[in-house]
Amino acid sequence: MGSLEVERTTTGWAATDPSGVLSPYTYCLRNTGPEDVFIRVICCGICHTDIHQIKNDLGMSHYPMVPGPCKSDVEQYCNKKIWSYNDVYTDGKPTQGGFAGSMVVDQKFVVKIPEGMSPEQAAPLLCAGVTVYSPLNHFRLKESGLRGGILGLGGVGHMGVKIAKAMGHHVTVISSSDKKRVEALEHLGADDYLISSDATRMQELSDSLDYIIDTVPVFHPLEPYLSLLKLDGKLILTGVINTPLQFLSPVVMLGESLTLPTLFL
């Protein structure tokens with residue numbers, strides 16, 4: 001894996017402004033170093049963070065930008081981290097993501113796809129799947145028999161239900177409407193479905209959950225969900241929101257329940 005002298009180019013789908021429109025964009029990949037791997041991209045996951053970045057919702061986007069996530073362990077907490085896209089690599093070139101024909105990746109962030117798993121199956125696991133699995137692993141919430149809530153049933157919520165069920169958890173999907181009930185219970189295998197505006201059901205399930213994975217990527221109040229948690233339960237935020245969080249501190253202090261990890265890349 002020595003350094004290559006020939007500079008490679010690839011074509012990706014890039015945002016050139018905050019309109020949300022992606023168009024073909026050809027650019028040079030960085031040279032491969034001794035720890036790098038050159039890979040051809042067949043499938044890439046997508047998450048709401050990509051949409052935030054494409055539309056500059058967080059006020060930090062640089063164009064042209066090829067989005068597309070790349071997940072790993074805890075390097076996102078490093079003070080000298082380099083994001084997989086919308087950043088600058090050590091050689092001065094902008095980093096671009098997985099919405100492209102190929103990319104160069106440090107070998108630490110490359111995993112072998114198991115035999116029998118298609119690229120279409122693997123790509124969501126390396127995006128939404130890691131977003132959900134990482135906090136469950138980090139906070140030691142993997143043992144069978146736990147009761148968990150998945151707030152929001154988008155891409156991350158789908159993976160949350162599947163992974164939590166595979167761990168043997170009792171899973172309640174929490175949503176603002178009834179429109180995803182059949183999908184949650186019959187297609188994904190959730191055990192219960194809770195509409196957040198149903199005051200009676202919210203009261204019935206108070207103090208019942210060991211954790212809630214909050215996947216909602218827009219502003220929403222936190223207090224109603226804190227009441228669902230047991231003492232020392234965890235509210236894990238994975239949705240990227242561009243407005244300040246709001247909650248009453250006594251609610252958190254009495255339940256010791258709020259956990260705010262940075263779990264997106």
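**Figure 1. The crossing of helices α2 and α3 is right-handed.** The contact takes in P124, L125, A128, G129, T131, V132, Y133 and L136 from α2, and G155, V156, M159, G160 and I163 from α3; contact means heavy atoms within 4.5 Å. Sorted by class, that makes nine nonpolar, four polar and no charged residues. In this sorting Ala, Val, Leu, Ile, Met, Phe, Trp, Tyr, Cys and Pro are nonpolar, Asp, Glu, Lys and Arg are charged, and the others, Gly among them, are polar. Helix α2 covers residues 119-138 and helix α3 residues 155-166, and they pack at an angle of about 60 degrees with their axes 9 Å apart. The axes are lines fitted to C-alpha atoms, over the stretch in contact for helices, and angles between N-to-C directions run from 0 to 180 degrees. The two helices are therefore oblique to each other, as angles under 35 degrees count as roughly parallel, over 145 as roughly antiparallel, 65 to 115 as roughly perpendicular and the rest as oblique.

**Figure 2. Now for the whole chain, with its seven helices and twelve strands.** This is a predicted model, in which local features need pLDDT of at least 70 and side-chain atom pairs count only at pLDDT 80 or more, while totals for chains, interfaces and linings use all residues. Residues are numbered from 1 along each chain as its sequence is written, and side-chain values use heavy atoms, with hydrogens and water left out. Helices (H or I, at least four residues) and strands (E, at least two) are DSSP runs, numbered from the N terminus. Of the chain's 265 residues, 42% count as buried; that means under 20% relative accessible area, with exposed over 50% and partly exposed in between (1.4 Å probe, protein chains only). Take the contacts between residues at least 6 apart in sequence: 58% of them join residues at least 24 apart.

**Figure 3. A look at L209, in strand β10 (residues 209-214).** Is L209 buried or exposed? With 5% relative accessibility, L209 counts as buried. Setting aside neighbours within four places in sequence, L209 is in contact with R147, G148, G149, T172, I174, L228, L229 and K230. G149 sits 60 residues away from L209 along the chain, yet their C-alpha atoms are separated by 6.7 Å.

**Figure 4. Y63 and P64 are joined by a cis peptide bond, with omega about -5 degrees.** Most peptide bonds are trans. P64 lies in the loop between α1 (48-54) and β4 (87-88), and Y63 is found in the loop between α1 and β4 too. Y63 counts as partly exposed, at 27% relative accessibility. Beyond its neighbours within four places in sequence, Y63 is in contact with A15, T16, D17, P18, Q53, I54, K55 and N56. From Y63 to P18 it's 45 residues in sequence and 8.8 Å in space, C-alpha to C-alpha.

Figure 5. Most residues other than glycine have a negative phi. R140 lies in the loop between α2 and β7 (147-151), and at 67% relative accessibility R140 counts as exposed.

Note on methods. Left-handed = near helix turned anticlockwise from the far one by under 90°.
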